[in-house]
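The sequence and structure come first.

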Amino acid sequence: MDFVSIHTWITTLVRKAMPELPDVEVFRQHAEKHAMNKTIRGVAYNDAGKLLKSPEQTISRALKGQKFTRSSRTGKHMFLKTGEDRWLAMHFGMTGYLKYWKDTDKRPDFSKVIIGFEEGSNLSFVSKRKLGEMKITDDPEDYRRENGLGMDALDIPFSEFRKSLEDKRGSIKNVLMDQSRVSGIGNIYSDEILFQEKWHPKQRFEKLDEEALRSLHKTIHRVLKTAINRDARPSDLPANYLLPNREEGKKCPACEGKISKIKINGRGVYFCPDCQKL
DNA sequence: AGTACCACCTGACGGC
DNA sequence: TGCCGTCAGGTGGTAC
């Protein structure tokens, strides 16, 4: 193994916190497993800056002395209930994640907000950059409406899927990532879905027929579910998936071709030009 | 309406 | 070793 391969291998291993739907679902499960029904002693803020969309005081007041009693998620947004009509809403931007920890030497770097429980453990909102958000809302459903979020990509039945996209036009890549129609799919997983469906990213969405739409809907569900079952670690996805090989020039897992990279709206898009023809 | 591009932020990495 | 340019999975706004 040469140096470049070793380097790629290491970055693949340590790469984490890719907050699209599967990642946020794993954060939610992590919170559900560790952080529920424990009395909150207080909240500490560390360079949280513009992450906070509610004042520190509002967040602290909503959490202190309370317990998280429920969790929910829509797309890439997650919610923890702290009281009657009080929910902590979180979005993780490009680098955020949640981490439950006990010993001080386990505190993650870049813990922007630390929720401390009376028993001595903590839940960190970790983010290297300040692109995510945290706020208090009285109802996740209102929050969803206010933010113009479409139905969750994992929950949406086919009839709703078809309806919410019926007048939609443009590249299939952009359509999949439009959070106002179907929420939760980002740049990474849209690449995987298109690879599985063998659509070129620039395929016009409006050209898809009923059968193609049905297949797309099924594949969205399958890909997201598979990722969640593997803790949203791209390197653990099945061998016939694109994501473990999402790198320019790498061998396509389905044919003898090589993976290409193009730009769409300034985002890096990876696909196999032999499998995914326009 | 769809697309391109910039801005928001800041760490990580490659090249020199 | 260090400086500098480039890039990154998020969203939102603007201009065409």
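The model is predicted: local features need pLDDT of at least 70, side-chain atom pairs count only at pLDDT 80 or more, and totals for chains, interfaces and linings use all residues. Residues are numbered from 1 along each chain as its sequence is written, and side-chain values use heavy atoms, with hydrogens and water left out.

**Helix H3**

Helices (H or I, at least four residues) and strands (E, at least two) are DSSP runs, numbered from the N terminus. Buried means under 20% relative accessible area and exposed over 50%, with partly exposed in between (1.4 Å probe, protein chains only). Helix H3 spans residues 56-63, and its buried residues are Ile59, Ser60, Ala62 and Leu63. Viewed down the axis of H3, these buried residues fall within an arc of 165°, so they line one face of the helix. The arc is taken from the directions from the helix axis to the C-beta atoms. Gln57 and Arg61, on the other side of H3, are exposed.

The cover over the buried residues of H3 includes strands S1 (40-45), S3 (77-83), S4 (86-91), S6 (111-117) and S8 (133-137); contact here means heavy atoms within 4.5 Å. After H3 comes Gly65, which has a positive phi, near 80°.

**Salt bridges**

A salt bridge is a side-chain nitrogen of Lys or Arg within 4 Å of a carboxyl oxygen of Asp or Glu. By this rule there are 19 salt bridges.

| Pair | Closest N and O atoms |
|---|---|
| Arg73 and Glu25 | 2.8 Å |
| Asp47 and Lys130 | 2.9 Å |
| Asp191 and Lys173 | 2.7 Å |

Arg73 forms a salt bridge with Glu25. This pair links distant parts of the chain, with Arg73 in strand S2 (residues 70-74) and Glu25 in helix H2 (residues 21-34), 48 residues apart. Arg73 and Glu25 are both buried. They also belong to a network of salt bridges that links Glu25, Arg28, Glu32, Arg73 and Asp152.

Asp47 forms a salt bridge with Lys130. Asp47 sits in the loop between S1 and H3, and Lys130 in the loop between strand S7 (122-126) and S8, 83 residues apart. Asp47 counts as partly exposed at 46% relative accessibility, and Lys130 counts as partly exposed at 35%.

Asp191 forms a salt bridge with Lys173. Asp191 lies in helix H7 (residues 187-197) and Lys173 in helix H6 (residues 172-176), 18 residues apart. Asp191 counts as buried at 1% relative accessibility, and Lys173 is buried with a relative accessible area of 1%.

Definitions and conventions: Chains are lettered from A and ligands numbered from 1 in the order in which they are written.
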